[in-house]
Amino acid sequence: MLTGAILASAAAPALVLARLVSGRWWAAALAAAACVAVPWIRLGELGPREAAAYAAFVLALLALYRAVAAPSSVNDAVALGAIALASLAHGQLVLLLAALPAALFLREGVEAFPRHRLLAAVYAVLVGVAFLALAGVVDQALGWKWRIVRESVQTAVVRATVEHAASLAWSLAVVPLLVAVGWLLARGRRDAFAALGLAVLALVLLAASGMDVLFAGGQVRERYLVYAVPVVAVALAGAVAPLHRPRWSAPAAVLAWLGLGLGLSRVTGRINDWFVMTDELFYERLAISVARTGSPLPRVRGELIDSFNQLYPVLIAPAYARGLVPDSLHEAHVLNAFLMTSTLVPAYLLTRSVTGRADLALGVGVLAVVVPWLTLSSFLLTEVAAYPAFAWAVYALYRAAAFPRPLNDALTLAGIALAAVARVQFLVLLAVLPVALLLHDGRHALARHRLLAAAYAAMALGAVALAATGEVARVLGTYGQTAQGAFPPGLPRAFLEHAAAGLALPLAILPFLVAAAWLLAALARPGDGRQHAFASVALVTVVVVLLQVASFDERFGGRMVRDRYLFYLVPVLLAALACALVAPRWPPWWSLAAPTAVVIAGFALYELPRFERLSVDSPVAVVHDRLLDLGGSVGGAQAGLVLLTVVLVLLFVQGAALLPRAAVAAVIAGLAAAALPAQAGSGFSRLFALPGTSGRALTHDQAGVFNWVDRAVGPDADATMVPYPHLSGDYWATVAFWWDLEFWNKSVVRAAYLEEAFSATPPTFAHVAVAWDERGRLASSPTRYVAQFSRDVRFRIAGEVVWNERETQLIDAGEEWRLAWATSGLYEDGWTSPDTEVRVTVFPEQGQDGPLTRLVSLVLRPPGQDRGARLSSGLGEASATLRDETGVLQVPVCVRPGAPGEALLRVEGAGPIEGNPVNAEIFSRPRLGGVQVRELSVAGESRAGC
């Protein structure tokens with residue numbers, strides 16, 4: 001958090017500099033947000049020292065611009081002081097000493113010397129020192145930094161500069177850098193910042209290349225290129241500032257989406273592992289099914305399931321159409337970046353239509369994308385597609401209300417359907433639409449929307465039929481229960497907490513309050529046309545979704561604020577904020593009082609939970625640690641948030657009365673523009689700082705480690721896994737092992753269970769039941785290949801072992817599954833239960849035409865106490881007293897063609913042992929056991945003596 005605070009301090013000089021260059025506050029706000037967000041997102045290892053150097057660099061950039069744009073002795077002195085400060089923060093920034101004269105000469109030519117006499121005197125001294133250094137006189141005094149300048153004049157640096165330029169272009173999504181450089185080149189001699197920017201950009205590349213050649217073997221280290229970000233951001237502000245007309249803003253919005261998507265893909269493409277189980281496994285399996293079958297219907301493990309969130313799996317299915325899972329996962333993560341950032345387009349269209357300001361709409365579109373929940377694009381989750389789908393649906397609802405015609409009504413129904421297919425939660429928009437239309441059109445709503453009236457009549461009949469058959473919950477999925485029964489008693493409290501912690505806090509409180517106040521005030525002015533239509537749709541949407549999510553979390557979410565289900569409202573609130581900022585007057589006091597009361601009450605109740613890792617359910621909780629540290633306790637943090645809300649509202653009221661409206665609007669916009677990207681950067685920083693929930697680093701390449709089944713038989717083959725405890729006594733290690741096997745192998749398309757033991761997936765994952773007859777033949781043979789743990793002592797599938805890795809055998813079981821042997825009388829994980837005889841049954845082989853003698857071997861592990869064990873059969877007996885170490889018992893068994901052979905194990909004594917890892921609930925229960933059968937094998941064929 002200290003790093004974030006220091007980095008955020010760069011926003012102020014960046015805002016001032018971008019405003020001076022572009023002449024527009026909206027462009028300056030976007031540039032300032034980029035100056036803070038890009039370094040944080042791109043450089044997860046950024047520390048306080050690097051952040052301080054970056055902030056000092058941006059401040060120096062502003063001072064140098066003033067010296068170039070407005071020549072004076074004061075500005076020159078300030079520029080020299082700023083360069084000295086930046087150089088103390090980081091020695092690399094001494095490059096600014098070269099940037100300043102280069103910029104002055106580029107802009108003013110030889111006339112620069114008489115205009116900057118102070119600089120001429122100082123640089124004369126510096127040139128003298130440089131000559132002495134070249135002669136070796138003061139080489140040691142200047143330190144190792146001078147070595148970079150002296151030794152970097154070599155061919156390798158030229159080549160490295162090209163590589164660093166390419167890396168910088170890719171890191172900044174190519175298009176923004178090309179636009180920025182093009183603007184700088186076009187205005188090089190006519191614009192002070194263009195002259196300065198060209199010089200600084202060139203020197204940053206040269207300095208970074210020189211250091212990396214000398215100290216990193218030519219490897220590109222992006223932390224030395226980060227100083228190019230402010231130059232590019234401010235140049236972009238100058239480039240896009242004239243694009244205020246709609247005909248320019250639409251292409252700019254598309255380019256901004258593609259640029260942001262490309263930039264985000266550089267982050268999401270680094271994720272090489274799963275994080276959210278079993279959600280990511282579920283949507284991966286759905287995508288693989290679509291890719292394999294070509295059908296959009298939801299199938300998991302070969303079975304058609306009741307799942308309506310199918311849009312996202314269909315969209316990422318092309319990524320899983322070929323190759324191994326690691327490659328497909330990378331492609332899906334890259335695609336996620338473009339899917340989630342596409343929300344920019346509907347947010348832009350909505351804001352432009354309501355405000356009539358294309359420039360402001362572009363800013364809202366960008367800000368709607370750089371939100372804390374952007375971290376969700378790192379995972380295989382429906383939110384990635386649901387975010388833009390919801391924004392499109394709200395835009396369609398607004399169009400239907402503002403411009404009533406049959407086509408818009410039909411598009412609205414299609415938009416709601418698309419959103420519901422992305423996430424069934426959004427069927428709630430069917431309740432939003434008629435209420436919003438009644439608020440906007442009143443008694444004329446029915447006459448203006450006849451198509452919708454007919455559609456709702458048909459849906460009402462369908463709802464009655466579903467209610468009569470009890471299928472409502474099935475259609476709505478997990479959200480079906482929120483529509484059943486009375487509201488939970490804690491709903492009012494949950495509503496307040498969700499409004500405050502889930503929406504107001506990430507939006508920096510005051511922007512949320514102003515947006516909500518504008519919606520209330522606009523709803524009270526029915527004559528305002530488009531704005532009234534938008535206020536009707538937006539206000540009902542916000543309230544209904546808040547109620548829905550609060551109800552769900554109150555019943556099933558452990559009373560936690562899961563802002564993961566709320567963040568879809570952010571583009572709507574940002575559009576409302578834009579309307580408030582450009583309105584001729586601020587919302588009246590009464591409209592501000594209601595949301596302020598809600599937020600204050602919500603903060604007073606919210607308990608700010610802490611999370612070690614990034615919380616997928618509440619990405620905004622990344623700021624809780626800092627708030628709790630500042631407050632000293634939960635109560636202190638609550639009081640601080642309440643006090644902060646009151647202070648912000650009072651400052652807004654005073655500012656609205658005393659200051660120019662544009663200044664107050666700029667501050668409010670700046671709060672949102674700084675808070676949202678900063679939280680996004682903090683979320684990505686937290687995500688990469690710790691190992692994922694799998695226990696592995698998310699950026700570690702998993703290719704070739706877990707996908708051994710696909711490598712053995714190919715990703716288009718079919719295999720069934722048979723889960724069994726991989727690590728005795730550790731339930732979650734076992735769960736993760738089999739999650740990994742299924743997640744990383746497309747060929748693992750089934751899972752077989754004996755009495756549902758060791759199933760760590762929800763009921764939507766189909767199960768193959770393992771059951772056999774007296775000859776060892778199984779009732780079901782779903783696939784040719786079987787992946788079975790080598791130490792599974794319950795049964796063994798017969799067949800040739802074609803691959804053995806990580807103690808798991810890949811067995812070619814043929815067309816019909818048969819058992820080689822099976823046991824009974826054991827706990828599911830191989831422990832003997834008290835006073836129970838264990839039976840080992842050895843089945844005849846397929847095609848066996850005579851009796852065979854088979855040797856049964858058991859490896860037994862005692863629990864640290866003496867245990868007597870005896871293994872017997874019709875052909876022999878073995879016994880032992882086991883103490884601290886494992887022991888082996890072996891007996892021959894006679895197996896005839898028509899009858900299996902048997903061996904019996906008896907254990908004396910029992911005591912407390914670890915929980916049974918059948919599932920999480922059973923694992924927590926105490927139990928008694930004798931010894932654990934760690935391994936069981938049957939071998940050694942002979943016809944003699946049987």
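Glu805 and Arg711 pair up in a salt bridge, their closest N and O atoms 3.7 Å apart. (A salt bridge here is a side-chain nitrogen of Lys or Arg within 4 Å of a carboxyl oxygen of Asp or Glu.) Glu805 sits in strand β8 (residues 800-805) and Arg711 in helix α35 (residues 708-713), so the pair ties together parts that are 94 residues apart in sequence. Keep in mind that this is a predicted model: local features need pLDDT of at least 70, side-chain atom pairs count only at pLDDT 80 or more, and totals for chains, interfaces and linings use all residues. Residues are numbered from 1 along each chain as its sequence is written, and side-chain values use heavy atoms, leaving out hydrogens and water.

**Salt bridges**

- The structure holds 33 salt bridges.
- Glu805 is partly exposed at 21% relative accessible area, and Arg711 is partly exposed too, at 35%. (Buried means under 20% relative accessible area, exposed over 50%, and partly exposed in between, with a 1.4 Å probe and protein chains only.)
- Arg493 and Glu497 meet in a salt bridge of 2.9 Å, N to O; both are buried.
- Those two residues, Arg493 and Glu497, lie four residues apart in helix α27 (residues 491-504), about one turn of the helix. (Helices are DSSP runs of H or I with at least four residues, strands are runs of E with at least two, and both are numbered from the N terminus.)

**Helix packing**

- Helix α21 (residues 383-402) packs with helix α23 (residues 429-441) at about 30 degrees, their axes 10 Å apart. (Axes are lines fitted to C-alpha atoms, for helices over the stretch in contact, and angles run from 0 to 180 degrees between N-to-C directions.)
- That makes α21 and α23 roughly parallel. (Angles under 35 degrees count as roughly parallel, over 145 as roughly antiparallel, 65 to 115 as roughly perpendicular, and the rest as oblique.)
- Helix α22 (residues 406-422) packs with α23 at about 150 degrees, with axes 10 Å apart, which makes α22 roughly antiparallel to α23.

- Ala27, in helix α3 (residues 25-42), is buried at 2% relative accessibility.
- Ala27 and Ala237 are 210 residues apart in sequence, yet their C-alpha atoms are 5.0 Å apart in space.
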